[in-house]
Amino acid sequence: MNWLREIRSSKRLSCAAVGRAAGITRQHYNLIEAGKRRPSVEVAKAIAVVLGFDWTRFYTDECPLERDTGQDSA
């Protein structure tokens with residue numbers, strides 16, 4: 001989830017710091033950020049509070065700008 005990584009990076013937080021603040025392990029957070037796991041509603045809300053975005057973003061369709069079109073963006 002590039003958008004999640006970008007938000008975390010913009011706040012200069014490590015994966016471990018976000019995980020700790022959200023009450024999950026760094027490993028669990030890494031799996032979510034990598035798109036390998038979808039968080040529970042409870043975890044989504046906790047991460048969203050830490051990073052300051054609407055938790056429902058985890059469950060909405062992917063933004064068209066984030067889709068891999070196979071083309072390099074300029």
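I started on the outside of helix α4: its face turned away from the buried side carries the exposed residues Glu42 and Val49. A reminder to myself that this is a predicted model.

**α4, the buried side**

Next I looked up which residues of α4 (residues 41-51) are buried, and I got Val43, Ala44, Ile47, Ala48 and Leu51. Looking down the axis of α4, I find these buried residues within an arc of 135 degrees, so they line one face of the helix.

Gly52 follows α4, and its phi is positive, near 75 degrees.

**α3**

I repeated the exercise for α3, where Tyr29, Ile32 and Glu33 are buried. They span an arc of only 95 degrees around the axis, which puts them on the same side of α3. I noted that a charged residue, Glu33, is on this buried list.

For the cover over the buried residues of α3, my list includes α1, α2 and α4.

**α2 against α3**

Then I turned to how these two helices meet. α2 and α3 pack with their axes 8 Å apart, at an angle of about 110 degrees. That makes α2 roughly perpendicular to α3, since 65 to 115 degrees is the range for that label.

Which residues make the contact? From α2 I noted Cys15, Ala16, Val18 and Gly19, and from α3 Arg26, Tyr29, Asn30 and Glu33. Sorted by type, the residues of this contact come out as 4 nonpolar, 2 polar and 2 charged. Tyr29 and Glu33 were already in my notes as buried residues of α3, and here they turn up in the contact with α2.

**Whole chain**

Last, I stepped back for the overall numbers. I count 4 helices and 0 strands in the protein, and along the sequence the pattern reads α-α-α-α. The protein has 74 residues, and 27% of them count as buried.

Definitions and conventions. Residues are numbered from 1 along each chain as its sequence is written. This is a predicted model: local features need pLDDT of at least 70, side-chain atom pairs count only at pLDDT 80 or more; totals for chains, interfaces and linings use all residues. Side-chain values use heavy atoms; hydrogens and water are left out. Buried means under 20% relative accessible area, exposed over 50%, partly exposed in between (1.4 Å probe, protein chains only). The arc is that of the directions from the helix axis to the C-beta atoms. Axes are lines fitted to C-alpha atoms, for helices over the stretch in contact, and angles run from 0 to 180 degrees between N-to-C directions. Angles under 35 degrees count as roughly parallel, over 145 as roughly antiparallel, 65 to 115 as roughly perpendicular and the rest as oblique. Contact means heavy atoms within 4.5 Å.
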